[in-house]
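Have the viewer open as you read.

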Amino acid sequence: QDVRLLRFLRLLRTLRIVQLFRSFLPLQILVKAIAASFMALFWSISLLFIIMLMAALFLCQMLSSTVEDETIDAETRRWVFIHYGTSARAAWTVFELTFSGGWPNYVRTLVED
C-alpha cells in the first residue's frame with residue numbers, strides 16, 4: 001500500500017515538472033533561437049573585422065606619403081604617424097573609429113589639413 005502511494009507521489013512530482021516545462025515553452029523557444037543565431041553573429045563579426053583590417057591597411061598605405069612629405073607641418077605629420085603610421089596603429093585607430101563614437105577626432109585633421 002505504501003509503495004503504491006510513493007509511486008503515485010513520484011508520478012505527480014514528475015507531472016508537475018513536465019507541466020512546469022510546458023509553462024516555459026516561450027522561454028525555450030527564445031533560448032533555441034539565440035543559440036541558433038550564434039553562427040550568424042560569428043560570421044558578422046568576422047566580416048566586420050576583415051573590413052576594418054582592409055580599411056586600416058588602406059589608410060596606412062595612403063597616408064604614408066603624408067608622413068614623408070616635408071612640406072606639411074611637422075605636428076600634422078607627427079599626428080598622422082601616431083594614428084596611421086604603421087598597420088597596427090592604423091588598425092587600432094580604425095577600431096576606435098568604429099566602436100568609440102569619437103570618429104571626428106581621428107578624421108578632422110585629415111580633412112582640414
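Is arginine 108 buried, exposed or partly exposed? With a relative accessible area of 46%, arginine 108 counts as partly exposed. Before going further, please keep in mind that this is a predicted model.

**A charged pair in helix H6**

Arginine 108 has a partner: its side chain meets that of glutamate 112 in a salt bridge, at 3.8 Å from N to O. Why can these two residues reach each other along the chain? Both sit in helix H6 (residues 103–112), and because they are four residues apart there, about one helical turn separates them. In general, side chains of opposite charge can pair when their charged atoms come close. Glutamate 112 is exposed, as its relative accessible area of 58% is over the 50% cut-off. The count of salt bridges in this model comes to one.

Now move to helix H3, which covers residues 38–68 and includes threonine 66. Threonine 66 has a relative accessible area of 18%, and it counts as buried because that value is under 20%. Which residues does threonine 66 touch, once its neighbours within four places in sequence are set aside? The contacts are Ile72, Arg77 and Val80.

The three residues discussed so far can be set side by side:

| Residue | Relative accessible area | Class |
|---|---|---|
| Threonine 66 | 18% | buried |
| Arginine 108 | 46% | partly exposed |
| Glutamate 112 | 58% | exposed |

**The chain as a whole**

Stepping back, the protein chain has six helices and zero strands, so its elements read α-α-α-α-α-α from the N terminus on. Its C-alpha atoms fill a box of roughly 100 × 20 × 20 Å along the principal axes. The radius of gyration is 29 Å, whereas a compact globule of 113 residues would have one near 13 Å.

As for contacts between residues at least 6 apart in sequence, 50% of them join residues at least 24 apart.

Finally, back to charge. The protein chain carries 11 positive and 9 negative side chains. The centres of these two sets lie 40 Å apart.

Conventions
Residues are numbered from 1 along each chain as its sequence is written. This is a predicted model: local features need pLDDT of at least 70, side-chain atom pairs count only at pLDDT 80 or more; totals for chains, interfaces and linings use all residues. Side-chain values use heavy atoms; hydrogens and water are left out. Helices (H or I, at least four residues) and strands (E, at least two) are DSSP runs, numbered from the N terminus. The radius of gyration is taken over C-alpha atoms; the globule rule is 2.2 Å times the number of residues to the power 0.38. Contact means heavy atoms within 4.5 Å. Lys and Arg count as positive and Asp and Glu as negative; His and the chain ends are not counted. The place of a charge is taken as NZ of Lys, CZ of Arg, CG of Asp or CD of Glu. A salt bridge is a side-chain nitrogen of Lys or Arg within 4 Å of a carboxyl oxygen of Asp or Glu. Buried means under 20% relative accessible area, exposed over 50%, partly exposed in between (1.4 Å probe, protein chains only).
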